Amino acid sequence: MQLKIDFHIHSSHSGDGLMSVGTIFECARRRGLSGVAVCDHNSLDGAQDALDHAPGDLLVVPGAEYSTERGHILTYFISRSAQAAGLKRHDNGLYDFDELADFVRDEGGLLFIAHPFRNPPARLDDALDRLDGVEVFNSRNVRKNSGANARARQLRGESGLSFLAGSDAHTTREVGGAYRIFECGQTPDLPALKAMMLEKNGQYFGRLSPYTVQGVSSFVRHMRDRSARKTAKSLLKIGYGAFYDAAFRCNIKNAPQVSGTIYDVNDEPGR
C-alpha cells in the first residue's frame, strides 16, 4: 500500500494558523492523505490536540516547529514541549539550537530542518550532523524563495540525510500541497513510521501554494498581535499575491507545480 503524509501543517494553535485540528483532518481526507503532522510554531499544543482527537482513518504524527538561530527546526515524536523541559528563548525570541537538539534526542525524537533556503537561509554549516533530515519541498517556497526547494534537495543529497516534504499549510487551501510517499505492506504504527521517516530513498509530491494565502495568514497573525503597521503591510501582500498568482502561476503548461509533481529524491534537482 502507499502512504501519503504531509509532515508540516499549522493549526490555530499557531498565531497565524486558521484551522482547527478537526478541519485539518477533514482536508486531509478530501486530499487523499494517509496522515498529517501538526507542527505549530514553538508549541506542542496543536500536536497534543491532534493526538487527543486522532481519527482511526488517519495517522497523526506529533510535531512542533521551533525557531532557532540555525533556522526553523521540525521536531517529531517528542512527548513534552521545549518550554515544559525548561528551555528558554533568548531575547531575540529564538531557542538555542544545540539545547533543542539535546532535548529532542533525550526525548527519542527526530529533527528535520524546515525550508533551509527560505530567505534568510538557515545556518547549517556545522549543525548537519545533529539533524535526521531535510525538508526538501515546502509548498510556501514561492516568489523570492522560488529556487529554495531545489537547493534543499541538493543539500539532502550532499549531506546523506533523510528527507520529508510538507505543505507548511496555514489555511485549508494548502493542506496536502506536499507530502512524502511511503510504500509498505500495511498501515504502520507510529514507531514503525518513525523508522520509515529515516529511510533515505523514496518519492514525494510537491505543489506550490498560492502566494495570496501567505498574505492571509500574515494578516491574521498581525491582527491578533494588534500591529497596525504590519496588518497594513500584509494587506498589500494579499493584493500583490493575487497579481502574482494570476500572472505567474496559473499557466499550468509553464508552471507544472501548480498541478503538482511527484519527485524521486535522488533525481537531479529541478526548480
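Trainee: Which residue in E9 does Arg180 stand opposite?

Mentor: Arg180 stands opposite Tyr204 in strand E9, where a strand is a DSSP run of E with at least two residues, a helix is a run of H or I with at least four, and both are numbered from the N terminus. This is a predicted model, in which local features need pLDDT of at least 70 and side-chain atom pairs count only at pLDDT 80 or more, while totals for chains, interfaces and linings use all residues. Residues are numbered from 1 along each chain as its sequence is written, and side-chain values use heavy atoms, with hydrogens and water left out.

Trainee: What makes E8 and E9 a pair?

Mentor: DSSP must find at least two bridges between two strands, and E8 and E9 share 4 in the antiparallel sense, so they qualify as paired. Strand E1 (residues 2–9) also pairs with E8 (residues 178–183) in the antiparallel sense, over 4 bridges, and Lys4 stands opposite Ile181 there. Beyond E9, 4 bridges join that strand to E10, again antiparallel, with Phe205 opposite Ile262.

Trainee: Why is the pairing in this open sheet of 10 strands called mixed?

Mentor: The order is E7-E6-E5-E4-E3-E2-E1-E8-E9-E10, and the pairing is mixed. The edge strands are E7 (162–166) and E10 (261–264), each of which pairs on one side only. Antiparallel pairing is found between E8 and E9, whereas E6 and E7 pair in the parallel sense over 5 bridges, with Asn138 opposite Gly166. E5 (residues 110–113) and E6 run parallel as well, joined by 2 bridges, and Phe112 stands opposite Gly133.

Trainee: How do you know that E6 is largely enclosed by the rest of the structure?

Mentor: A residue is buried if its relative accessible area is under 20%, exposed if over 50% and partly exposed in between, using a 1.4 Å probe and protein chains only. In E6, 6 of the 6 residues are buried, so the strand is largely enclosed by the rest of the structure. Over the protein, buried residues make up 53% of the 271 residues.

Trainee: What makes H4 a helix that lies across E6?

Mentor: Helix H4 (residues 148–159) lies across E6 (133–138), E7, E9 (203–206) and E10, and runs at about 155° to E6. Axes are lines fitted to C-alpha atoms, for helices over the stretch in contact, and angles run from 0 to 180 degrees between N-to-C directions, while contact means heavy atoms within 4.5 Å. Helix H2 (residues 45–52), which lies across E2 (35–41) and E3 (59–68), runs at about 175° to E3.

Trainee: How many aromatic pairs are there by this rule?

Mentor: The count comes to 9. One of them joins Tyr179 and Phe205, whose centres are 4.9 Å apart with 15° between the planes. Rings of Phe, Tyr and Trp (its six-membered ring) pair if their centres lie within 6.5 Å, and planes under 30 degrees apart count as stacked, over 60 as edge-to-face and the rest as tilted, so this pair is a stacked one. Tyr179 lies in E8 and Phe205 in E9, so the pair ties together parts that are 26 residues apart in sequence. Both Tyr179 and Phe205 are buried.

Trainee: How many disulfides does a search of the whole structure find?

Mentor: The search finds 0, a disulfide being a pair of cysteine sulfur atoms within 2.5 Å. Cys27 is buried, with a relative accessible area of 0%, and Cys184 is buried at 16%.

Trainee: What is the phi of His115 near?

Mentor: Phi of His115 is near 25°, a positive value in a residue other than glycine. Most residues other than glycine have a negative phi. His115 lies in the loop between E5 and E6 and, at 9% relative accessibility, counts as buried. Asp168, in the loop between E7 and E8, also has a positive phi, of about 60°, and is buried with a relative accessible area of 3%.
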